[in-house]
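I opened the model to look up a few local features. The entries below follow the order in which I took them.

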Amino acid sequence: MSGVFLVKGKTALKGEVQISGAKNAALPIMAASILCDEEVVIENVPKLLDIIVMKDILVSIGFEVSFEDNRVRVKHTSSKLNTEVPYELVRKMRASFNVLGPLAVRMGQAKVALPGGCSIGVRPVDFHIEGLRKLGFEIEVEHGFVKATRVGRVDSVKIVLPFPSVGATEHLMTTAVLMEGTFTVIENAAMEPEIEDLQNFLNAMGGKVRGAGTSRIEIEGVKRLSGGSHKIIPDRIEAGTYLIAIAATCGRGTVRGVKPDHLTALLETMRRTGATLGVGEDFVEVSMDDRPSPVDVVVNPYPGFPTDLQPQMMAYLCVGKGVSTIIENVFKTRFLHVGELRRMGANIEVSGNTAIVKGVEKLSGAPVLGTDLRATAALVIAGLMAEGQTEIHEAHHIFRGYENVLEKFAKLGANIEYVPTSEEVESDP
Ligand code: UD1
């Protein structure tokens, strides 16, 4: 399913939106369920294309997986698992690479295709591979596949990540959980809330992991993980996207079912733009009645400003009352949305990993291209702010990360029409 969004602008969003479970927590937790001997039930899983890709991967490995009413059930059907994950599945989503370690630790060896190219810049897997080597795996990379074979057993391992990669932290901590007799320390670990959620899942199944949420994670390998159930945390990126959309349209609204603590960097930035925010235990309300004041945003690993909200924040700042600067330190070339925002009248210059956004009075609707998931979300926000109609081509990317996105925006009063086309969806990593 592919298609075009027709977005009618100049409508202030108003009302409430309920936030779904976090895709980026559900994916590594589903991958980690490979380690469990008994049935695993994961609650609050958003119905998204990426989750369906991970479900297909688990099925191809030999699990029986059901996905109904936001509940994923994973159970073994045979003791022999298929240890090769083909390119057709891995190319659709980068997070699928994270099944390599758990499968290899369980079966002695596994072979997973290298993740495909990506539209938000180079995203290598060298930290994953180096970490697996330290954990005692022999790694061969050939013909587009990575093969991991467990060759040695080590008493203690220290992995210092060159950069706090979310995926590498999750992959290595998951793999180390089932290495009985091995004590693993990951330093310079990523500190994202999704990593803490993964730790909670692993420990609920009998793992011994501590430190997630800090830069040092310790894992005492155990012999087996059982089964059980776990509820996924709310999606902070989905929540942030709606908060920005409401403020950008000079609206007033509330996102519900969130953990406001996970949104600190965003809320602080929005306050500086002049938005009025009210924070409750599990909700955030926002209102805005003017163009935003310009701000400087530095994108960094958590608890810094999230890269997955950078495009949306940039769309909002396009109509700022002055010059804003955005420095992107996570994916240094993540600026594909800039060209599209310019088509709508934005004045943005990019130099290296810095974007200078010179606020204009208004954006005007135009035909634009959704290049990846968050860029498409940014174009929806820009379209809602703009004068006239914006046509977002290849808008299907948004379905990878936003559950019931059209219904949720419609509930806030947005006018977005979806015109499906028949081209095949190629989800980017
Ligand atoms: C995850 C998120 C993604 C988010 C990103 C950063 C999931 C499924 N996806 O992606 O939405 O944008 O975190 O918050 O959770 N790097 C290397 N070598 C490696 C691994 C990473 O150089 O082996 C670099 C990347 O190119 C990038 C930086 O590290 O510049 C951060 O990437 P990483 O945190 O690994 O992102 P993902 O886990 O892929």
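**Notebook: cavities, ligand, backbone**

I started with the lining of the largest cavity, which by class has eight nonpolar, three polar and one charged residues. For the classes I took Ala, Val, Leu, Ile, Met, Phe, Trp, Tyr, Cys and Pro as nonpolar, Asp, Glu, Lys and Arg as charged, and the others, Gly among them, as polar.

I noted the ground rules next: this is a predicted model, local features need pLDDT of at least 70, side-chain atom pairs count only at pLDDT 80 or more, and totals for chains, interfaces and linings use all residues. Residues are numbered from 1 along each chain as its sequence is written, and side-chain values use heavy atoms, with hydrogens and water left out.

**Cavities**

I counted two cavities of 30 Å³ or more in the structure. A cavity here is a set of points, on a 1 Å grid over the protein atoms alone, where a 1.4 Å probe fits but cannot get out; lining residues have an atom within 4 Å of a point. Points are joined across faces, edges and corners, and a volume is the space filled by probe spheres set on them.

I read a volume of about 60 Å³ for the largest cavity. Its lining includes Arg236, His262, Tyr302, Pro303 and Leu309. Helix H8 (236-248) and H9 each supply at least two residues of that lining, and H9 gives the most, with three. I took helices (H or I, at least four residues) and strands (E, at least two) as DSSP runs, numbered from the N terminus.

I read about 30 Å³ for the second largest cavity. Pro234, Asp235, Arg236, Ala239, Val258, Lys259, His262 and Leu263 line the second largest cavity. By class, this lining has four nonpolar, one polar and three charged residues.

**Thr269**

I found Thr269 in helix H9 (residues 264-273). Is Thr269 buried or exposed? Thr269 counts as buried because its relative accessibility is 3%; the cut-offs are under 20% for buried, over 50% for exposed and in between for partly exposed (1.4 Å probe, protein chains only).

Leaving aside neighbours within four places in sequence, I found Thr269 in contact (heavy atoms within 4.5 Å) with Val295, Val297, Phe305 and Met313. Thr269 and Phe305 are 36 residues apart in sequence and 8.4 Å apart in space, C-alpha to C-alpha.

**Ligand**

I listed 19 residues around the ligand, of which Asp126, Ser165, Gly167, Asp308 and Val330 come nearest. A residue is near if one of its heavy atoms lies within 4 Å.

I then looked up distances from ligand oxygen atoms. One such oxygen is 2.6 Å from an N or O atom in the side chain of Ser165. For the side chain of Asn24 the distance from a ligand oxygen to an N or O atom is 3.1 Å. At Gly167 a polar backbone atom is 2.7 Å from an oxygen of the ligand.

**Backbone**

Most residues other than glycine have a negative phi, and most peptide bonds are trans. I noted the peptide bond from Tyr302 to Pro303 as cis, with omega near 10 degrees. Pro303 lies in the loop between strand S18 (296-299) and helix H10 (310-317).

I noted a positive phi near 60 degrees for Asn70, in the loop between strand S4 (63-68) and strand S5 (71-76). Asn70 counts as partly exposed because its relative accessibility is 27%.

I also noted Asn188, with a positive phi of about 55 degrees. Asn188 is in the loop between strand S11 (183-187) and helix H7 (193-204), and at 31% relative accessibility Asn188 counts as partly exposed.

Conventions
On a 1 Å grid over the protein atoms alone, a cavity is a set of points where a 1.4 Å probe fits but cannot get out, and a pocket is an open set with protein on both sides within 12 Å along at least five of seven lines; lining residues have an atom within 4 Å of a point. A polar contact is a pair of N or O atoms within 3.5 Å; within protein, one must be able to donate a hydrogen and the other to accept it, and residues adjacent in sequence count only if both atoms are side-chain atoms.
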